[in-house]
Amino acid sequence: MSAYNFNIAMLGNILQGTIVSLAKEVVQSYRNNLDILAIVGACYTVRKGLHLLNGCCSLIKHQVFPLLFSNTNTILKYGEWAVVTGGSDGIGKAYAEELANHGVNIILLGRSIQKLQNISEAIAATYGVKTRIIVADFNKGPEVFPSIKEALVDVDVGILVNNAGVLYDYPACLTEVPEEKSLEIINVNIVAAVKMVYVVLPGMLQRKRGAIINVSSIASWKPVPLVTVYAASKAFLDSFTQALHYEYSSQGIFIQSLTPGFVVTKMIGYAEILRKKSLFIPLAREYARSAVRTIGVSLRTTGYWSHSIMVNMMNES
């Protein structure tokens with residue numbers, strides 16, 4: 001064999017050995033990667049399972065158990081009267097009726113004196129509780145609150161429900177929304193809620209009891225384009241409420257952030273599909289019946305079982 005042929009044969013053997021070695025390394029690497037992927041997959045499955053288990057436990061604790069047991073005694077321990085803003089329609093009206101059903105006297109705040117009078121009289125006749133009304137247009141800003149404070153000065157306000165809220169007339173980008181509408185949302189959804197807390201909280205602290213329910217929205221959990229200012233206002237209210245809990249829970253004040261999803265009300269009148277009751281869109285009275293039962297139980301809740309499922313799914317996206 002010539003030196004040339006020998007070198008070719010030797011080179012072939014080297015290449016063959018290198019290829020075999022590389023093939024073994026690739027196979028081994030593949031097996032190692034499969035092991036790694038298996039571990040990652042197992043961890044992900046466990047994480048998902050724990051999240052699902054936690055969601056189920058939370059749903060049972062905050063939505064199922066309250067439906068099984070009456071919380072009338074819990075509600076009444078906070079005081080004789082409940083103040084409900086935005087009480088002439090929708091969730092506010094239904095929430096006031098449900099509180100009255102537990103024996104709480106009701107003070108309704110809203111813009112329409114005729115609506116407030118009609119609802120006030122109906123609640124008093126149906127549930128046998130005392131009722132009052134305070135006419136207030138929160139869009140006017142801070143000027144409306146001195147008269148509200150004066151009207152409540154000698155009232156044992158046990159529960160404040162900051163429900164008044166304004167939504168876009170229809171979804172739109174920010175610059176397509178009139179500035180006046182954005183300012184109205186800020187005045188009603190943010191300023192009014194904060195000012196109402198200033199009105200009632202000092203008395204609650206003196207009595208060392210009380211409950212504040214700030215009605216935020218499921219929109220507070222994630223950024224929501226096309227209702228930008230509304231969603232941001234509800235995110236503020238949610239954060240504001242959680243911080244208040246840390247400041248005052250040790251002084252006997254229960255403070256809850258209520259974050260409902262869609263409920264059949266006039267507020268979402270721009271979309272016909274949202275005005276029909278469904279699994280995820282309850283009637284206002286159904287929602288209120290469920291939400292009131294979470295008072296004293298949950299500090300941050302959607303108030304309704306299917307809305308809690310929606311939030312659980314959103315947090316995994």
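Tutor: Two strands pair if DSSP finds at least two bridges between them. Strands (E, at least two residues) and helices (H or I, at least four) are DSSP runs, numbered from the N terminus. The structure is a predicted model, in which local features need pLDDT of at least 70 and side-chain atom pairs count only at pLDDT 80 or more, while totals for chains, interfaces and linings use all residues. Residues are numbered from 1 along each chain as its sequence is written, and side-chain values use heavy atoms, with hydrogens and water left out.

Student: What is the order of the strands in the open sheet?

Tutor: The order is E3-E2-E1-E4-E5-E6-E7, 7 strands with parallel pairing.

Student: Why are strand E3 and strand E7 said to stand at the edges?

Tutor: E3 (131-135) and E7 (300-301) each have a single partner strand, so one side of each has no neighbour in the sheet.

Student: How do you know that strand E1 and E4 pair?

Tutor: E1 (residues 81-85) and E4 run parallel and are joined by 4 bridges, and the definition asks for at least two, so they count as a pair. Tryptophan 81 has valine 157 of E4 as its bridge partner.

Student: Which bridges join E4 to E5, and how many are there?

Tutor: There are 4 bridges between E4 and E5, and the two strands run parallel. Across this pairing, isoleucine 159 stands opposite alanine 211 in E5, and valine 161 stands opposite isoleucine 213 in E5.

Student: How many bridges lie between E5 and strand E6?

Tutor: E5 and E6 (residues 253-258) pair in the parallel sense over 6 bridges. Alanine 211 takes part here too, with phenylalanine 254 as its bridge partner in E6.

Student: What makes strand E4 count as mostly covered?

Tutor: In E4 (residues 157-162), 6 of the 6 residues are buried. Buried means under 20% relative accessible area, exposed over 50%, and partly exposed in between (1.4 Å probe, protein chains only).

Student: Why is E5 called largely enclosed by the rest of the structure?

Tutor: The count for E5 is 6 buried residues of 6, so the strand is largely enclosed. Gly210, Ile212 and Asn214 point one way from E5, while Ala211, Ile213 and Val215 point the other way, and all are buried. In a regular strand the side chains alternate between the two faces of the sheet.

Student: Why is lysine 208 called exposed?

Tutor: Its relative accessibility is 62%, so lysine 208 counts as exposed. Lysine 208 is in the loop between helix H6 (179-207) and strand E5 (210-215).

Student: Why does leucine 226 count as partly exposed?

Tutor: Leucine 226 has 39% relative accessibility, so it counts as partly exposed. Leucine 226 is in the loop between E5 and helix H7 (228-248).

Student: Why is serine 233 called buried?

Tutor: The relative accessible area of serine 233 is 1%, so the residue counts as buried. Serine 233 is in helix H7. Leaving aside neighbours within four places in sequence, serine 233 is in contact (heavy atoms within 4.5 Å) with Ile185, Asn189 and Ile190.

Student: Why are H3 and H8 described as oblique to each other?

Tutor: Helix H3 (residues 90-101) and H8 pack at an angle of about 55°, with their axes 8 Å apart. Angles under 35 degrees count as roughly parallel, over 145 as roughly antiparallel, 65 to 115 as roughly perpendicular and the rest as oblique. H3 and H8 are therefore oblique. The contact involves Gly90, Ile91, Ala94, Tyr95, Glu98 and Leu99 of H3, and Ala284, Arg285, Tyr287, Ala288, Arg289, Ala291 and Val292 of H8.

Student: What makes helix H8 mostly covered?

Tutor: In H8 (residues 284-292), 7 of its 9 residues are buried. They are Ala284, Glu286, Tyr287, Ala288, Ser290, Ala291 and Val292.

Student: Why is leucine 283 counted as partly exposed?

Tutor: Leucine 283 has 22% relative accessibility, so it counts as partly exposed. Leucine 283 is in the loop between E6 and H8. The C-alpha atoms of leucine 283 and isoleucine 91 are separated by 8.9 Å, although the two are 192 residues apart along the chain.

Technical notes: Axes are lines fitted to C-alpha atoms, for helices over the stretch in contact, and angles run from 0 to 180 degrees between N-to-C directions.
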